[in-house]
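User: Hi! I'm new to this structure, could you walk me through it?
Analyst: Happy to, let's bring it up.

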Amino acid sequence: MSVRASTAVVVAGLMGAALVPETAATAEDDDTRPADASRAQSDAAAARPGARPGSPRWQRAYQRRFLAEVDNASPRKWSRAMARQVGRVGTEGNAETLRYAVRELRAAGLQVSVDEYSVYASRPVDIALQQTAPRQRPIASLEEVPAGTPNADDLADAYNAYSPGGQVSGEVVYVNYGRPQDYAALESRGVDLDGKIALARYGANFRGVKSDLADQHGAAGMLIYSDPADDGFVKGPVYPEGPWRPADAIQRGSIQEIYRYPGDPLTPGEPSTPGTPRIAPEEAGNLPSLPTAPIAYGEARPVLRALSGARAPKDWQGGFDFPYRFGPGGSEVSLDLQIDYEQVPVRNIVVRVPGTRPGKHVLVGAHRDTWAFGARDNLSGWVSTMEIARALGDLYRDGWRPRRSIVLAGWDGEEYGLLGSTEYAEARARRLRANAVAYVNMDGTAGSEFAAGAVPSLDRLLFSTTRRVDAPRGQGSVYDAWSGQADGQRPEIERLGSGSDYTALLQHVGVASADVGYTGDWGLYHSAYDDTRSIEETVDPRYRSQTTAAEVSGLMALRLATEDVIPMRYSDYAETTADLLAELAPDAPAGTGVEEATQRAREWLRATRALEERGASLRQDGVTAGERPAVRQVNRAVLAQEEALTRPAGIPSRPWFKHQVFAPGLTTGYAAQPLPALAEAAEADDADAFEQASDQLERSLRTATEAARAGAS
Ligand SMILES: [Zn+2]
């Protein structure tokens, strides 16, 4: 198929008839506009859900129809077909899976468009690694996949995307996970990293943080390996017998500094479309400068084995049966990284299910690009998303219409630095702020344990939705199984840091976001063995968890798109914020404090409670025509909340991140850093910066409070 520039919208299929272009969206909440409701209603009469079309009972009947419609047959077929390709961004395999998915979605009667950008990215040409002491030997940069593996020739050398190219060599120093405390431990023992090759193990933080910190500590280069204690044989049987990492499996991965800003390094805050000026690569604030490469544990073993120096502490010891030492000495390595930089096409797939009031929309998405075959990461999330789209298309043909539109996205280039979702959000920031209700992300839906992250306003929707979906393996509801994983307690919902495609939508634009998936025993992350065989023999043999994730995310989207009063609770957010402030209080620099901000959070709590009470009373015995304006007023207030938590100036250490309550940690990369500007000022013991950060947060909380009050009266 032909793929055009970023604004290209290719309309096909049954849904084309009822379409309203995205540009027709207005900032006004148009819940009461007559729109084409009458047509939707007459179509719906044929579906006989036994209730007045558009009514809450009618929508709930269709929610049940949706759950009945979602099935594992299409996800299985799609996953098998796409996992034959290497789906790395910018490759022919990626283009092939794009064509396939677009064809399948159109065949399901859906309106599909391709949203394209041109992004500055790296490409591995030749990765040549060697151990040079005590003996000379090559270090492999590719798995030995079984003969006959389709498209095995498309597996390029495993590498760290956005590493600079170049040649470096030297003595090795083992740095454990490469966290700040690991470098402090090295320093306290007098181990000097200057000019050395740092050897870090994967885990505990984002690999871009490892490379960044090693660079800051004077290393000349870095190797990152997967220790068998973390996801290899120490955990259990390895591929193909089990789900854990075999000796030659390499964790590829980007080291772009996504915690400074993600997306195209040359267009921070702007979409990488043809008209956007690019900054020079030297000016980019998220490009690493340390030559870095990933290796398998089978290759790391002889390097670790030969290291001399003092014995490392107990919590630095890994899964091999010899003592791990700090070095330097004993082991030397050389890295010869031939890495090209070029403009790469990044193509998101966007499916639109138009609502009867099409201005507002709910987003659901997953990245569609993969490092190798990527059956779990992330064809699982992508086929879950495609299955939601397919099932919604089926309902649509029966005359069902959501109130608000539902937009489903297959993001490209996530693995390199959240490229597709970031450029999409940057291209539409203003429209998304005005019209996006929420975003539900899926990155990894194959596994045995349910897991979810969200902003606090979506906690209750997650709990109540998971109670209405059956668990994959007869454990009652998803909520029951999820709670069972937490010893019967209320399950924990993680707060969102970074590492997947909600980042730009939540933290740059201010769209309330959730992350839904399945996890569990699995060590094949970003290796060539994340394939159909591993899914079907160990991880999700009947594609049941991938189907269940589609039910949970799809039902959340349906409820957000169809309920009269948008089901998000900012009183939970206000309480969480007050708790976070209390946790931070002891670290406030002398002469400062969190009293003012806490006071603002309490006012916000009162205002959001009043707003929610009004919403509940309007909803109670059905919304009458006369109550529509009041419902619209409540919804407008709800939708203003998340955006209010962003500030145009962003947080001082990285202004691209606008959100005042949640950002990724600077030394963790993935994990959420709550109240980032305050926390960083506290960490630096900088009273002025703390006061300024508090002032920004208070402004956000006041804006949110005023918006809530306007909706409550
Ligand atoms: Zn992923």
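Predicted model: local features only at pLDDT ≥ 70, side-chain atom pairs only at ≥ 80, totals over all residues.

User: What are patches made of?
Analyst: Patches are made of residues with over 30% relative accessible area and no salt bridge; like charges are joined within 9 Å, and nonpolar side chains (Val, Leu, Ile, Met, Phe, Trp, Tyr) within 5 Å. Accessible areas come from the Shrake-Rupley method with a 1.4 Å probe.

User: Where is R57, and is it buried or exposed?
Analyst: R57 sits in helix α2, residues 56–69. It counts as exposed, at 54% relative accessibility. Here buried means under 20% relative accessible area, exposed means over 50%, and partly exposed is in between. Helices are DSSP runs (H or I) of at least four residues and strands are DSSP runs (E) of at least two, numbered from the N terminus.

User: Which residues make the patch of negative charge?
Analyst: D685, D686, D688 and E691 gather in that surface patch. D685 belongs to the loop between α21 (676–683) and α22 (687–712), and is exposed with a relative accessible area of 55%.

User: Now salt bridges. How many are there in the whole structure?
Analyst: A search finds 34. A salt bridge is a side-chain nitrogen of Lys or Arg within 4 Å of a carboxyl oxygen of Asp or Glu.

User: Which residue does R65 pair with?
Analyst: R65 forms a salt bridge with D398, and their closest N and O atoms are 2.1 Å apart. R65 is in α2 and D398 in the loop between α9 (379–397) and β9 (405–411), so the pair ties together parts 333 residues apart in sequence. R65 is partly exposed at 30% relative accessibility, and D398 is partly exposed with a relative accessible area of 30%.

User: Are R252 and E143 buried or exposed?
Analyst: R252 is buried, and so is E143. Their side chains meet in a salt bridge, 2.7 Å from N to O.

User: Which residues form a network?
Analyst: R460, R569, D572 and E612 are linked by salt bridges in a network.

User: Changing topic: how covered is helix α15?
Analyst: Helix α15 (residues 502–509) is mostly covered, with eight of its eight residues buried. Just after α15, G510 takes a positive phi of about 95°.

User: Where is F657, and what is it in contact with?
Analyst: F657 is in the loop between α20 (628–644) and β13 (662–664). Leaving aside neighbours within four places in sequence, its contacts (heavy atoms within 4.5 Å) include T503, Q507 and Y259. F657 is buried, with a relative accessible area of 0%. From F657 to V509 the C-alpha distance is 8.7 Å, though they are 148 residues apart in sequence.

Notes: Residues numbered from 1 in each chain as written. Heavy atoms only, no water. Lys, Arg positive; Asp, Glu negative; His and termini not counted. Charge placed at Lys NZ, Arg CZ, Asp CG, Glu CD. Buried < 20%, exposed > 50% of the residue type's maximum accessible area, 1.4 Å probe, protein only.
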